[in-house]
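Biologist: I would like to learn how to read the surroundings of a ligand in a model. Could we go through one together, step by step?

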Amino acid sequence: MNNFDPSDYSPAADLLADRVILITGAGAGIGRAIAKAFSAHGATVVLTSRTPKNLETLRDEIVADGHPRPAILPMDLARANKPSFQQLADRINDASGRLNGIVHNAGILGPRLPIENYDETTWNEVMHLNLTVPFVMTQALLPLLRAADDASIIFTSSGVGRKGRAGWGAYAVSKFGTEGLSQVLADELADTSIRVNCINPGRTRTAMRAAAYPEEDPNTLLSPEAIVAVYLYLMGPDSQGINGQSLNAQ
Ligand SMILES: NC(=O)c1ccc[n+]([C@@H]2O[C@H](COP(=O)([O-])OP(=O)(O)OC[C@H]3O[C@@H](n4cnc5c(N)ncnc54)[C@H](OP(=O)(O)O)[C@@H]3O)[C@@H](O)[C@H]2O)c1
């Protein structure tokens, strides 16, 4: 684990200028805040998540703020497969001619149940969205990332992806898998210009957190906007040489 201290980090205003970066789960929660922060630092963001309206609203806000116009590509990742990801790669290449980074942020919680009672179909759905989708999407986008001078892949983990906890079922197991996927890929790409790392956002005020802890007072949590420093750090050139690490956003 890397000891990045977000309060010590001051990203340059043009940190991500001229970079094209794909963010999954961009329509809400943490992904939305990452998209705004990246575009405010000069990136052209490619936004994907399920609900087109969320992406259109976000694009309009980013344009109104005077930042580079994002591309929006609504997609239900639960139904996506290898050909859909190849199509995604082709569309990014046609629109931008390059890709400098991916933030694999989309995720689902699934039911909070003991393993003994966990339904197999639901298990497969959670594992597919949280673990298999980032794997297959990365495969399809690697040729574009390899062509970039400096590229970064960020996977999203969780506290329960580092230490198992009762009742977190497929979500926890998928996040352990994500840490593994990130480390294996980082080692395979160690001699390239692509770095691969994982971020644990920590307790953050989003719909997913509210679903996991309905009794919790959301005002005790940091907002998504307050945790973006580590995403900026790992996506921009300041993190060159950092590879195969797992960082905390808080
Ligand atoms: N919040 C926390 O406290 C916390 C803590 C640790 C880890 N995390 C991780 O951080 C990441 C973001 O979490 P969050 O709290 O921001 O979650 P969130 O508020 O529930 O947002 C999830 C995003 O993923 C998208 N998504 C879900 N299912 C999808 C599908 N089938 N196809 C395409 N997009 C889909 C949603 O799209 P729509 O908006 O279109 O539905 C939404 O934009 C997740 O990987 C989560 O596991 C969160």
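Biologist: Which polar backbone atom is 2.8 Å from an oxygen atom of the ligand?

Modeller: In general, one looks for pairs of N or O atoms within 3.5 Å, which are called polar contacts. In this model, which is predicted, an oxygen atom of the ligand is 2.8 Å from a polar backbone atom of Ile30, and an oxygen atom of the ligand is also 3.3 Å from a polar backbone atom of Ala28. A nitrogen atom of the ligand, in turn, has a backbone N or O atom of Leu77 at 2.8 Å.

Biologist: How much of the 900 Å² that the ligand exposes when taken alone does the protein bury?

Modeller: The protein buries 92% of that area, and the space taken by the ligand is the largest pocket.

Biologist: Which elements give two or more residues to the shell around the ligand?

Modeller: They are helix 1 (29-40), helix 5 (169-188) and helix 6 (207-212), and helix 6 gives the largest share, with 3 residues. Of the 30 residues around the ligand, those that come nearest are Thr51, Leu77, Asn105, Tyr171 and Thr206. Sorted by class, the shell holds 12 nonpolar, 13 polar and 5 charged residues.

Biologist: What pattern does the protein follow when it is read along the sequence?

Modeller: The protein has 7 helices and 7 strands, and their order along the sequence is β-α-β-α-β-α-β-α-β-α-β-α-α-β.

Biologist: Why does the radius of gyration of the protein agree with that of a compact globule?

Modeller: For 250 residues a compact globule would have a radius of gyration near 18 Å, and the protein has 17 Å, so the two agree. Along the principal axes, the C-alpha atoms of the protein fill a box of roughly 50 × 40 × 35 Å.

Note on methods
Residues are numbered from 1 along each chain as its sequence is written. This is a predicted model: local features need pLDDT of at least 70, side-chain atom pairs count only at pLDDT 80 or more; totals for chains, interfaces and linings use all residues. Side-chain values use heavy atoms; hydrogens and water are left out. A residue is near a molecule or strand if one of its heavy atoms lies within 4 Å of it. A polar contact is a pair of N or O atoms within 3.5 Å; within protein, one must be able to donate a hydrogen and the other to accept it, and residues adjacent in sequence count only if both atoms are side-chain atoms. Accessible areas come from the Shrake-Rupley method with a 1.4 Å probe; for residues, only the protein chains shown count as cover. On a 1 Å grid over the protein atoms alone, a cavity is a set of points where a 1.4 Å probe fits but cannot get out, and a pocket is an open set with protein on both sides within 12 Å along at least five of seven lines; lining residues have an atom within 4 Å of a point. A molecule sits in a cavity or pocket if more than half of its atoms lie within 2 Å of its grid points. Helices (H or I, at least four residues) and strands (E, at least two) are DSSP runs, numbered from the N terminus. Ala, Val, Leu, Ile, Met, Phe, Trp, Tyr, Cys and Pro count as nonpolar, Asp, Glu, Lys and Arg as charged, and the others, Gly among them, as polar. The radius of gyration is taken over C-alpha atoms; the globule rule is 2.2 Å times the number of residues to the power 0.38.
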